[in-house]
Amino acid sequence: MKEFNKSYDPKGVEDKWYQFWIEKGYFHADEDRPKFPFCIVIPPPNITGSLHLGHALNNTLQDILIRWKRMDGYNALWLPGTDHAGIATQNVIEKQLKSEGTDRHALGRDNFVKRVWQWKEEYGGRIIHQLKRLGASCDWQRERFTMDEGLSRAVREVFVRLYEEGLIYKGDYIINWCPRCRTALSDLEVEHEEVKGKLYYIRYTLTGKGNPIIVATTRPETMLGDTAVAVHPEDERYRGLIGRKVLLPIAERFIPIISDPFVNREFGTGAVKVTPAHDPNDFEIGLRHNLPALKIMDEEGKMNEEAGGYAGQDRFECRKNLLKELKAGGYIERIQDYTHSIGHCYRCRTPVEPYLSKQWFVKMKGLAEPAIEAVKKGRIRLIPKGWENSYFDWMLKIKDWCISRQIWWGHRIPAWHCEDCGGITVDRVAPAECRHCKSKNIKQEEDVLDTWFSSAIWPFSTLGWPEDTKELRIFYPTTTLVTSFDILFFWVARMIMMGLKFMGNIPFSDVYIHALVRDAEGQKMSKSKGNIIDPLVMINKYGTDAFRFTLTAFAAQGRDIRFSEERVEGYRHFCNKIWNASRFVFMNIEDSIIPPTPPFNKGGLGGITPSSLPNRWILSRLNHVIREIRKSLEDYRFNDAAGSIYQFVWHEFCDWYLEMAKSDLSQDSKEKEETLNCLIHTLDHSLRLLHPFMPFITEEIWQHLPVRNRESITISEFPKEYPDYYNTEAEEEMSLVILAVMGIRNIRGEMNISPSIELKAIINVKDDRVKETLERNLLYIERFARGKEIKIGKGLQRPKMAATSISEVMEIYIPLEGILDIDGERSRLKKDLDKAEKDIAILSKKLTNEDFLSKAPKEVVNKDKSNYNTLTEKAKRLKDGIKKLKLLEKEAAL
């Protein structure tokens, strides 16, 4: 045997084995390999990003699937890559330039783009390095970037084809505009927040006779661009005013009163101002009524010349000054508090401005219809299934997609504008002349494509499309996508639409949507709350395996993960448990002992028929666990899979089987050889079951196992069930032994009896089968319960002054006379009870104090509540113990 360290040190193991796996090429999927394909494309992280808990969970789950399938004989490809993240990356470089006293305009477009590429080469690989620290077994030979040469060609191809089919167009439209980033945002890139604002009621003077008409608005500065006032056609209050005109305050323009069914009669006074250039709903009203669209702001959110005397003022400065003028002129009817939703840029948090602009759009309705059918007919599964309703709701209401962005970093739109005839030429390569008038005076579109445009074709562009590559034929459609719910519409829906459009097939069969990772109190993590946990800190402190297992163990479908460092520490103890169990096995085996390669001979282990109860039991339990884990992984129940292997390794293999095996290993006999083979077989299979979850520690231990074909656990076979090893009889027999042992142990614990004292016990059973089973395994019961003179029978009576443990099939009596000091034990229990009740009183006082509950941090209050509940339960147990002692004391006096 090679030397096996006394303790497990992740720092000395993880990098060693990761480099070994890379050097051996185990992560590479060979397109010429005659195996069934299994493919996952990574949700490409931004090149500006660093590993956070959401990334860690997402990639851990992907790695579990890919390692499992690789071990299970599939040609498993996990295709990695990164996203150029247009707005986010440009913001990073612009901040750098600002610190240097310059900006991108001074640098010029070409030099700015070069600067971004330089930054990408220097810093863009940070997230990839961090994924490797996590143990991600991606095919790094196939790593892609959304702006590499191949993907850029694919993006141009998609754009040109969509344009040629009339699915891409350029037109005036109200878009979400970020004045800070100076670019358009799609609806999905706008994050809405409830804000406490004001609702301003403004008087618009009627021409001719009549009282002023009052309109309500949250954005009074936009009134400078009003071109109508609208009312509902069935609103009796205004029926006689439709067709008349009002004088727009301050601007001194006459605008019409129109009727439109879109108007909400319950909002404000039921009369609304119409500003087609600065509100999406007003834009639609304007189209229906042929209203002019008057732009009163520029791209920086400042008022332009159409705003008259307010030209040059910031939109919020204009609001403040305009309100002063309106009040001075007597135009303000009233102002009331009003909570409403305001959209913010998802990158810089600036309030978004609805803005009329010429943009590029993709017509989405025709693309959405087959994508809806693909999910409806079950060709694509969303897991959990509940997400299908959200998917359908969004897809059925889908709007045209604004794909142009007014930034420099990204895929520049392959369209050229003719300076002479105004025509647009769209092509895959730069044209020499205008397609319409043959003029050479053409200029390429300044805008770039939305980052999500290139991401939408990720599943097939990364495999070589538009070329008909072998990789594309083998690995497309991919198998599974693992993602978070927040990009279901940004990315997942668009990939489905583009895959069906350009490949004629779905991009993946299953979409597993995992939940959020929150803090221990269920709060969303944020810098402002100070509750962010850095995955790399956890990895450095506890090891990657403990960190990964923590995320997996709590990754229940549809339920957010409450993450805490204490949980990671707990699973670090699990790593130590596995390590120490392996050390015990290695201390008892020799290099010459090599168990057979499964499947084994029917009913046998290496030609030896398992005869002892522990061996028959552990092999049967192992079979159950193999089946449970396989089924859980097939159903994406990662937490159930983790729970099954944890329960088996810790509570069955370590707590029971290893202890029972010690007696067989202490003697030279046939049982010793059988047990050694069974030990190695069970440890080997347990490590292979654990490997997708805990790749590093399992490789380190497995490399010490004397097994055939020991190259690497990462390419070993994932365990399969062996039907011959199911043994219901052994499991039932072992459950009775465990029940008897635990009954005696529980009494020892409740009565605070020293572990060194051997206890006499009487086990009263209800049928002969139980009696025979316990008698047959009496040595095990005596050894593990620290018992002696254990009597087993039917109809046995409880002796005087005996503690009792009762179950459905047996009653256990432990005579306590001469063992238990009743007075001393009562004194101990009362002392503990006094302390518990004192602590309960202190916590109760705090938890009924409204001042404490309102001012203390939520995590402190929750911790106190948890401690209160724990102490209350402890006090109940102590009181029960005192009652039991009182009953025993009465018996002793009889």
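**Loops, strands, cores and cysteines in a predicted model**

Pro 384 sits in the loop between strand S15 (381–383) and helix H11 (387–396); helices (H or I, at least four residues) and strands (E, at least two) are DSSP runs, numbered from the N terminus. The model is a predicted one, so to speak of local features takes a pLDDT of at least 70, side-chain atom pairs count only at pLDDT 80 or more, and totals for chains, interfaces and linings use all residues. Residues are numbered from 1 along each chain as its sequence is written, and side-chain values use heavy atoms, with hydrogens and water left out.

Back to Pro 384: the peptide bond that joins Ile 383 to Pro 384 is cis, with omega at about 0°. Another cis bond runs from Tyr 476 to Pro 477, again with omega near 0°. Pro 477 is in the loop between helix H14 (470–475) and strand S22 (480–484). Most residues other than glycine have a negative phi, and most peptide bonds are trans.

Positive phi values turn up too. Asn 290, which is not a glycine, has a phi near 55°. Asn 290 belongs to the loop between helix H8 (280–289) and helix H9 (315–328), and at 72% relative accessibility it counts as exposed. The cut-offs here are under 20% relative accessible area for buried, over 50% for exposed, and in between for partly exposed (1.4 Å probe, protein chains only). Ile 250 is also a non-glycine residue with a positive phi, about 70°. With 21% relative accessibility, Ile 250 is partly exposed.

Ile 250 lies in the turn of a hairpin made by S10 and S11, which have four residues between them. S10 pairs with strand S11 (residues 253–259) in the antiparallel sense over four bridges; two strands pair if DSSP finds at least two bridges between them.

Elsewhere, four strands make up an open sheet in the order S6-S5-S14-S16, with antiparallel pairing. Strand S6 (183–185) and strand S16 (401–402) are its edges, each pairing on one side only. Between strand S5 (residues 168–178) and strand S14 (residues 353–362) there are ten bridges, and Trp 177 has Glu 353 in S14 as its bridge partner.

Helix H7 (residues 149–164) contains 16 residues and spans 23 Å from its first C-alpha to its last, close to the 22 Å expected (1.5 Å times one less than its number of residues). At the N-terminal end, Asp 148 caps H7, with a side-chain oxygen 3.2 Å from the backbone nitrogen of Gly 150. Buried residues of H7 include Leu 151, Val 155, Glu 157 and Phe 159. Just after H7 comes Gly 166, with a positive phi of about 80°.

As for packing, the largest nonpolar core has 210 residues. Such a core is a set of buried Ala, Val, Leu, Ile, Met, Phe, Trp, Tyr and Cys residues joined through side-chain atoms within 4.5 Å. Helix H20 (residues 638–665) supplies the largest share of this core, 15 residues. Phe 653 is among the residues with the most contacts inside the core, as are Phe 453 and Leu 774. Leaving out residues up to four places away in sequence, Phe 653 touches residues including Ala 581, Ile 618, Leu 679 and Leu 683, contact meaning heavy atoms within 4.5 Å. A second, separate core has 35 residues, including Ala 184, Ile 202, Leu 248 and Cys 318.

Asp 72 is a buried acidic residue, at 17% relative accessibility, in the loop between helix H2 (53–71) and strand S2 (75–79). Its side chain makes a polar contact of 2.6 Å with the side chain of Arg 630. A polar contact is a pair of N or O atoms within 3.5 Å; within protein, one must be able to donate a hydrogen and the other to accept it, and residues adjacent in sequence count only if both atoms are side-chain atoms. Beyond its neighbours within four places in sequence, Asp 72 is in contact with Arg 630, Phe 718 and Lys 720.

Finally, the cysteines. With a disulfide taken as a pair of cysteine sulfur atoms within 2.5 Å, the count is zero. For Cys 345, the nearest cysteine sulfur is that of Cys 348, 3.8 Å away. The sulfur of Cys 348 has its closest cysteine sulfur in Cys 178, at 3.5 Å, which is too far for a bond. Cys 345 is buried, at 0% relative accessible area, whereas Cys 348 is partly exposed, at 23%.
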